[in-house]
Number of protein chains: 2
Amino acid sequence: MELKRPYLLFLGDVPDALAAKTALGIVDWRRDWCVGQWRLPGCGADAKLPEMTAAEAAAAGAKTMIVGVVNAGGKLPEHWVQSIVDAMEAGMDIAAGLHKRLIDVPEIAAAAERLGREVFDVRRTAQAFETGKGVKRPGKRLLTVGTDCSIGKKYTALAMEAGMRARGLDATFCATGQTGVFISGRGVAIDAVIADFISGAAEWLTPATEENAWQVVEGQGSLFHPSFAGVSLGLLHGSQPDAFIVCHEPTRTTMRNVPTPMPTIQQVIDMTVALGRLTNPDIRPVGIAVNTAALDEIAAGKFLEETAAAHGLPATDPVRFGVDPLVDHLAAEFSL
Amino acid sequence: MELKRPYLLFLGDVPDALAAKTALGIVDWRRDWCVGQWRLPGCGADAKLPEMTAAEAAAAGAKTMIVGVVNAGGKLPEHWVQSIVDAMEAGMDIAAGLHKRLIDVPEIAAAAERLGREVFDVRRTAQAFETGKGVKRPGKRLLTVGTDCSIGKKYTALAMEAGMRARGLDATFCATGQTGVFISGRGVAIDAVIADFISGAAEWLTPATEENAWQVVEGQGSLFHPSFAGVSLGLLHGSQPDAFIVCHEPTRTTMRNVPTPMPTIQQVIDMTVALGRLTNPDIRPVGIAVNTAALDEIAAGKFLEETAAAHGLPATDPVRFGVDPLVDHLAAEFSL
């Protein structure tokens with residue numbers, strides 16, 4: 001899946017920022033890929049981009065309109081269909097991460113056919129993958145893993161890409177979820193592929209590259225999450241990381257949406273190494289990323305210090321304190 | 001997926017027994033569910049069932065015609081389409097495990113619609129599952145796991161079901177692959193579900209049951225296979241086995257279709273326990289099933305004896321020597 005840039009962000013008439021989380025994430029990380037936003041009357045979200053209609057955005061060079069919003073129930077509101085068709089009329093492809101496939105809407109499918117536009121339903125990929133091969137590929141890979149779902153794996157990977165680039169390193173974010181795909185313009189919603197092809201899709205996502213180039217792979221789920229561990233393991237095997245960062249949130253007691261207790265950081269480190277060495281015998285942890293939002297600054301600092309000491313690895317909160325300690329340690333470990 | 005019985009087995013005009021492997025497997029394990037076979041001129045396979053046309057089979061009570069064959073390339077030969085429509089005309093549902101979906105063939109879809117018949121494409125399930133919950137359910141579960149793919153997991157599970165029933169135990173085979181689904185009349189091709197739902201599909205397959213009833217779950221892949229470990233892990237978490245049997249083949253050096261070396265039996269035991277205890281803290285190995293076909297009888301006996309001694313578990317070749325030692329040990333471990 002490769003999206004043409006720049007983007008027009010369609011916000012529809014969603015009630016608030018939460019419903020436009022995907023669009024706001026794109027602006028956070030790729031402001032310069034966005035020519036504008038298109039809001040319908042009553043929209044309660046604001047990505048702080050120039051307001052544009054489809055025609056204005058196309059005139060300004062927009063190549064893809066991103067439907068970066070969700071409405072209650074995950075459905076596509078009827079009155080958005082005309083906006084989507086208008087965008088195709090104006091010359092743009094469409095990309096969306098709705099649960100409902102846009103291409104299953106007859107008016108949208110007909111317009112795409114008639115106008116020769118692409119419609120990317122990021123969550124429901126039609127892309128065919130091969131099964132994983134398990135063969136070591138040239139290049140270096142960094143994967144973010146977690147003690148749970150929704151714990152900062154995407155943010156940490158994007159922050160590492162930015163931090164490594166600022167250091168002059170060759171780093172490329174590799175997206176495995178819908179928001180990540182919009183942010184990188186390429187990728188695969190790995191939890192949406194057929195089970196047989198999880199590691200194969202991860203291999204497609206992280207192909208052979210220059211030996212000193214780093215692919216920074218967005219992790220998914222957790223090896224300890226009873227709903228999604230299979231996805232996490234296929235992604236680990238397929239992306240064959242040389243290095244990984246453990247993402248953690250210290251105040252959770254059970255994992256997201258299940259009664260299963262949280263694993264420890266050490267358990268995640270040990271299991272990631274035990275399983276990851278199947279496809280990369282040299283896999284090693286290079287740091288810990290902690291979401292300390294629930295702690296005050298003193299408690300956060302203390303937790304990070306203790307966590308670092310206990311594991312012999314740098315620990316930071318990427319949002320609050322940046323990822324420099326992690327980049328430093330990675331550079332030292334791999335002589336970069 | 002629940003198939004109505006009894007079956008008519010459609011063998012088409014495949015050249016040999018290998019192409020009819022699925023149909024022959026059904027006859028091996030469920031002879032009394034099969035009223036007959038339907039062969040077209042030139043067929044080189046023989047399931048040793050009464051020869052019947054669709055109309056004759058329907059008159060004999062057949063409720064589902066199983067397309068239990070594969071032709072070269074996995075495609076559906078054009079001249080089979082009429083036979084499939086004839087079977088629906090005669091009153092039967094259709095079930096197939098071809099890579100090509102029968103329901104995507106317009107003539108077949110139209111006949112199913114017109115006649116109100118079900119068409120089950122076992123490898124391409126349209127069934128929606130929930131995500132796994134990870135909550136312990138009443139009942140007992142036995143899973144077959146492997147050092148590799150295609151190493152006897154289905155055969156061992158079916159032999160255990162038969163052996164346990166012969167002992168008066170309440171045992172039910174739970175199918176996770178296409179042949180298994182035909183043999184049990186129910187199940188899910190677990191490698192064909194969307195990655196997010198692997199463990200959820202396994203939970204659906206092995207629901208809460210009587211505390212002394214055993215669900216004997218057909219394993220898939222291997223935790224050490226770089227193509228399919230994610231499937232194996234989701235199945236392990238979702239089926240939350242109390243007991244597992246390791247299936248092994250002693251002469252393989254690399255895993256199926258990849259250059260990855262085979263793991264040891266001990267590695268598989270340790271990793272299965274380490275990962276499986278997430279959803280069942282009491283998980284334990286109860287035996288080892290070895291495919292000794294490549295060894296002569298003396299070498300086979302010696303290998304089994306050494307393997308049993310090395311792991312403190314019974315070891316047998318289910319095909320050559322039966323599964324009594326495994327049933328004995330299971331019964332002792334769980335006071336059955």
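**Entry 1. B:Ser335 and the chain B terminus**

I began with B:Ser335, which is exposed at a relative accessible area of 65%; I take exposed as over 50%, buried as under 20% and partly exposed as in between, with a 1.4 Å probe and protein chains only. I located B:Ser335 in the segment after α12 (324-333) of chain B. For elements I use DSSP runs numbered from the N terminus, with helices being H or I of at least four residues and strands E of at least two. I noted a positive phi of about 50° at B:Ser335, although this residue is not a glycine.

**Entry 2. Basis of the values**

I am working on a predicted model, in which local features need pLDDT of at least 70 and side-chain atom pairs count only at pLDDT 80 or more, while totals for chains, interfaces and linings use all residues. Residues are numbered from 1 along each chain as its sequence is written, chains are lettered from A and ligands numbered from 1 in the order in which they are written, and side-chain values use heavy atoms, leaving out hydrogens and water.

**Entry 3. B:Ser150**

I looked up a further positive phi, also about 50°, at B:Ser150, which is not a glycine. I found B:Ser150 in the loop between β6 (140-146) and α5 of chain B. B:Ser150 counts as partly exposed because its relative accessibility is 45%.

**Entry 4. Cis peptide bonds**

I checked omega before β1 in both chains. In chain A, the bond joining A:Arg5 and A:Pro6 is cis, with omega about 0°, and A:Pro6 belongs to the segment before β1 (7-12). In chain B, the peptide bond from B:Arg5 to B:Pro6 is cis, with omega near 0°; B:Pro6 lies in the segment before β1 of chain B.

I placed B:Ser184 in helix α6 of chain B. Its relative accessibility is 15%, so B:Ser184 counts as buried. Leaving aside residues up to four places away in sequence, B:Ser184 touches B:Arg5, B:Trp33, B:Phe173 and B:Ala175, where contact means heavy atoms within 4.5 Å.

I then turned to helix α1 (residues 21-30) of chain B, where B:Thr22, B:Ala23, B:Gly25, B:Ile26, B:Val27 and B:Arg30 are buried. The cover over these buried residues includes β1 (7-12), β2 (34-39), β3 (64-67), α5 (153-166) and α6 (178-184) of chain B.

**Entry 5. A:Thr260**

I found A:Thr260 in the loop between β9 (243-248) and α9 (265-276) of chain A. A:Thr260 is buried, with a relative accessible area of 7%. Apart from residues up to four places away in sequence, A:Thr260 touches A:Phe224, A:Pro226, A:Thr253, A:Thr254, A:Met255 and, in chain B, B:Leu278.

**Entry 6. Chain A as a whole**

I counted 12 helices and 11 strands in chain A. The radius of gyration of chain A is 20 Å, close to the 20 Å that the globule rule gives for 336 residues, so chain A is as compact as a globular protein of that length; the radius is taken over C-alpha atoms, and the rule is 2.2 Å times the number of residues to the power 0.38. I noted that the C-alpha trace of chain A spans about 55 × 45 × 45 Å along its principal axes. Buried residues make up 58% of the 336 residues in chain A. Of the contacts in chain A with a separation of 6 or more, 74% are between residues 24 or more positions apart.
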